[in-house]
Amino acid sequence: MLKIINPANGRVLAELPQDDAASIAGKVRAARAVQPTWAATPLPDRLTAIRRFREGVVRDAERLAAILTSEVGKPIRQARNELNGLLGRIDFFLEQTEAALAERQVHAETGLRELITHEPLGVVGNISAWNYPYFVGANVFIPALLTGNAVLYKPSEFATLTGLEIGQLMHVAGVPQDAFAVLVGAGAVGAELLKQPLDGLFFTGSYATGARVAQELGPRMVKLQLELGGKDPTYVCDDVDPAAAAASLADGAMYNTGQSCCSVERIYVHEKIHDTFVSAFVKEVKGFKLGDPSHEDTYIGPLTRAPQLDVLERQVADAKAKGARLLAGGKRLAGPGNWFEPTVFAGVDHSMELMREESFGPIIGIQKVADDTEAVRLMNDTEYGLTAGVYTRDEERARRLLAQVHAGSVYWNCCDRVSPRLPWSGVGHSGIGLTLSTYGIETFTRLKAWHLRD
Ligand code: NDP
């Protein structure tokens with residue numbers, strides 16, 4: 001049985017039977033059987049099913065938000081924000097899928113036409129993360145279904161109740177039971193899914209697990225997308241209002257208790273405004289309310305996974321030992337539940353784990369830099385490349401710097417932001433492939449090239 005535990009208080013929320021090798025194989029076989037029928041369902045009918053799914057989310061929003069808060073510890077207002085944001089993503093896919101799937105004539109001459117069409121991949125696996133289960137799930141399963149694929153959806157074990165709710169809403173909305181199957185269980189269930197005959201695998205999670213997934217599927221030539229972690233940097237230039245930049249970046253670092261793939265994880269500040277920025281940043285962080293995530297005014301909740309407390313403790317000890325200055329927080333709180341104080345360090349450098357390894361929690365290092373050149377060098381001193389940002393009044397300066405940074409998304413005067421209209425992708429250990437934008441619809445299809453002579 002899989003125990004679902006409330007990370008705020010350690011209480012067991014539910015005990016659920018897990019999938020095993022036989023049930024997973026059965027779901028994959030059933031998905032394979034139904035997929036051609038689902039793909040042959042006219043697009044307007046598939047769109048209607050997803051529209052009904054959206055209606056279900058709106059109808060049940062408050063209940064879904066409460067479930068999300070109870071199993072991942074996301075503060076309730078942030079849980080509602082995720083559900084609201086989900087609606088915008090669904091709308092984007094509803095509006096764009098028909099055009100993205102349209103047949104394209106790319107050449108015509110007497111007696112010859114060349115066309116491109118899109119075909120569904122077939123049966124795809126979707127192994128998802130717990131930190132934004134609606135967002136990172138929907139980036140995959142909505143366009144995958146709209147383009148005619150059958151989906152084996154494996155939510156993270158830490159977001160299982162949410163995953164089951166999503167499955168239920170899909171089926172009530174009219175997506176055939178076998179075209180969207182939810183797999184219940186921990187990592188071993190994900191690993192078992194990888195052994196199945198799949199036409200595509202879309203994974204969101206850590207670099208370590210992503211690398212294992214790639215090793216398993218690479219030799220089998222299964223289409224693979226990996227949306228992985230980050231160590232996302234921001235550079236604050238000398239021409240900004242330090243207090244305004246600090247307010248924006250404190251939110252970017254601590255929102256969702258620092259457990260966003262695009263959380264700000266490293267901050268570099270020009271020496272001219274460094275000290276003022278740091279004071280303003282610490283003031284912001286000390287103003288964040290930590291507490292019961294079901295309370296309306298809570299901003300920082302518990303960590304979803306208990307082992308991450310050890311990672312944060314290790315990063316704190318390492319930073320202190322190497323001479324960093326601890327300005328706020330720095331320790332776990334007594335249980336029950338997985339609580340860690342929002343933590344700020346200044347005087348950090350790249351010898352410290354805090355500035356090199358993904359923290360995925362409410363902790364941040366702030367480093368002083370002498371100029372733009374040093375800032376860009378440090379921003380690029382990482383194996384990851386998900387997002388990066390620059391705060392300055394000068395757009396030209398921001399664009400010049402951001403053009404040199406290796407990252408899938410870049411931000412000028414903003415951070416921790418995802419748009420359904422823009423591709424979401426990573427460089428290096430942050431992954432391969434992309435979701436979102438119209439490219440993130442086409443990615444669930446196989447392009448067929450037509451050479452037509454008449
Ligand atoms: P994990 O890598 O621990 O897990 C990701 C998923 O893989 C989970 O469903 C997990 O199941 C499953 N899994 C675990 N082991 C295996 C295995 N051997 N084979 C197949 N599947 C397996 O990541 P987290 O869930 O902890 O998510 C946090 C990470 O995700 C962070 O690094 C974050 O940056 C990244 N992320 C990236 C995003 C992006 O868009 N680039 C978006 C969101 C998160 P289970 O949980 O049940 O063990």
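**Exercise 1. Find which helix gives the most residues to the shell around the ligand.**

Solution. Helix 7 gives the most to this shell, with four residues. Helices here are DSSP runs of H or I with at least four residues, strands are runs of E with at least two, and both are numbered from the N terminus. The model is predicted: local features need pLDDT of at least 70, side-chain atom pairs count only at pLDDT 80 or more, and totals for chains, interfaces and linings use all residues. Residues are numbered from 1 along each chain as its sequence is written, and side-chain values use heavy atoms, with hydrogens and water left out.

**Exercise 2. Describe the shell and the polar contacts of the ligand.**

Solution. 
1. The ligand is surrounded by 31 residues, and the closest are S128, S206, T209, L228 and E358.
2. By class, 14 of the shell residues are nonpolar, 11 are polar and six are charged. Ala, Val, Leu, Ile, Met, Phe, Trp, Tyr, Cys and Pro count as nonpolar, Asp, Glu, Lys and Arg as charged, and the others, Gly among them, as polar.
3. For polar contacts, look for pairs of N or O atoms within 3.5 Å; within protein, one must be able to donate a hydrogen and the other to accept it, and residues adjacent in sequence count only if both atoms are side-chain atoms. An N or O atom in the side chain of W130 is 2.8 Å from an oxygen atom of the ligand. A backbone N or O atom of G187 lies 3.2 Å from a ligand oxygen, and a backbone N or O atom of G205 also lies 3.2 Å from a ligand oxygen.
4. On its own the ligand has 900 Å² of accessible area, of which the protein covers 90%. Such areas come from the Shrake-Rupley method with a 1.4 Å probe; for residues, only the protein chains shown count as cover.
5. Two or more shell residues come from each of helix 7 (187–194), strand 8 (200–204) and helix 8 (207–217).

**Exercise 3. List the buried residues of helix 7 and state what they pack against.**

Solution. Buried means under 20% relative accessible area, exposed over 50%, and partly exposed in between (1.4 Å probe, protein chains only). In helix 7, V189, G190, E192, L193 and L194 are buried. These buried residues pack against helix 1 (21–40), strand 5 (123–127), strand 6 (150–154), strand 8 and helix 8, where contact means heavy atoms within 4.5 Å.

**Exercise 4. Is R393 buried or exposed, and which residues does R393 touch?**

Solution. R393 lies in the loop between strand 15 (387–391) and helix 13 (395–403). At 63% relative accessibility, R393 is exposed. Not counting residues up to four places away in sequence, R393 touches D239, V240, D241 and W412. The R393 side chain reaches the backbone oxygen of D239 at 2.7 Å.

Key: A residue is near a molecule or strand if one of its heavy atoms lies within 4 Å of it.
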